[in-house]
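Work through these exercises with the coordinates open. Try each task before reading its solution.

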Amino acid sequence: MSQPAVQVIARGPRDAAENAAAAIDENPLLEGATYSILEEDEDQGIWRIDAFPTTEDEAEGIAAILREQGELDVVVEKLADADWLAMSLSGLPPVEAGRFFVYGAHDQGKVPDDRVTLKIDAGAAFGTGHHGTTVGCLEAFDVLLDKGETFAKVLDVGCGTGVLAIAAARTGSPIAVGTDIDEPSARIANENAAINGAKCEFYFADGLSDARIAQHAPYDLVFANILAAPLVFLAPEIANALKPGGVAILSGLLRTQEERILEAYLPLGFKVEQTIHHDAWSALQLRKG
């Protein structure tokens, strides 16, 4: 019998919340953990972490890390026996990031005519477009498009719902592919591509050496909206997958982790061109020299 679904909630000062988020990211046993971090009360300086563990061990591990900070008020709540994911998504407003308008089925009637619209079904995959990391990636991409840059071949590493590769395909990239180590994510991303009429291909694969990914290298643009630890680990592979002058848009990292990421990428010939912050999250746009 499966464990009842739970949500782990922590509230406290920003430093404690960011330190806890970094500890979750660095714990190899929690590599796939899903959580968000945001400022809940600006006047009181209260930040909040919401985590949605999928196993009892994951729930215990996340709660333990949060409690270790000392300054966080941590509670674990059972979720009602309902499609809580669909219910929570139904309350999310559309996301606007530059020319992009990301929405769910519940906002079908709010779609504007003058934007690049992306209808995204999260399902069991990460990435409705609401997370600060995804918004940052879309905004960085939008700035590049505004400058007149074009990207013939785009790779989305850790594609989730596929929103980033779909955004590239919808704005003129003839080759847009994605990869994810989570099989349901790759399936959902392909479904979202079909919904949006986007010519994309998403694959369940481990690493960038997979023949289906490597066949299109070198890429003009690589999105990698994952976590700090895998961003560091994949730095050489991402560098090799990009052509000289190619762009990497990296996210899934906290502001406090920027230095760690740059220590991995700058020695490989990358230069920072743009940094975008949303709450505690950061998106970095780098160009390969």
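**Exercise 1.** Give the strand order of the open sheet of 4 strands.

Solution. The order is β2-β3-β1-β4, and the pairing is antiparallel. Strands here are DSSP E runs of at least two residues, helices H or I runs of at least four, both numbered from the N terminus. Two strands pair if DSSP finds at least two bridges between them. Next, the edges: β2 (35-41) and β4 (73-78) each pair on one side only. The model is predicted: local features need pLDDT of at least 70, side-chain atom pairs pLDDT 80 or more, while totals for chains, interfaces and linings use all residues. Residues are numbered from 1 along each chain as its sequence is written, and side-chain values use heavy atoms, without hydrogens or water.

**Exercise 2.** Find how β2 and β3 pair, and name the partner of E39 in β3.

Solution. Start with the count: β2 and β3 (46-51) pair in the antiparallel sense over 6 bridges. Then the residue: E39 has W47 as its bridge partner.

**Exercise 3.** Which residues have the most contacts inside the largest nonpolar core?

Solution. A nonpolar core joins buried (under 20% relative accessible area, 1.4 Å probe, protein chains only) Ala, Val, Leu, Ile, Met, Phe, Trp, Tyr and Cys residues through side-chain atoms within 4.5 Å. The largest has 36 residues, and L118, F141 and I249 have the most contacts inside it. Among the elements that each supply at least two residues are α4 (132-146) and β12 (242-254). A second, separate core has 28 residues, including F270.

**Exercise 4.** Classify the peptide bond from A217 to P218: cis or trans?

Solution. The bond is cis, with omega near 0°. Now place P218: the loop between α7 (211-214) and β11 (219-225) holds this residue. Most peptide bonds are trans.

Methods. Buried < 20%, exposed > 50% of the residue type's maximum accessible area, 1.4 Å probe, protein only.
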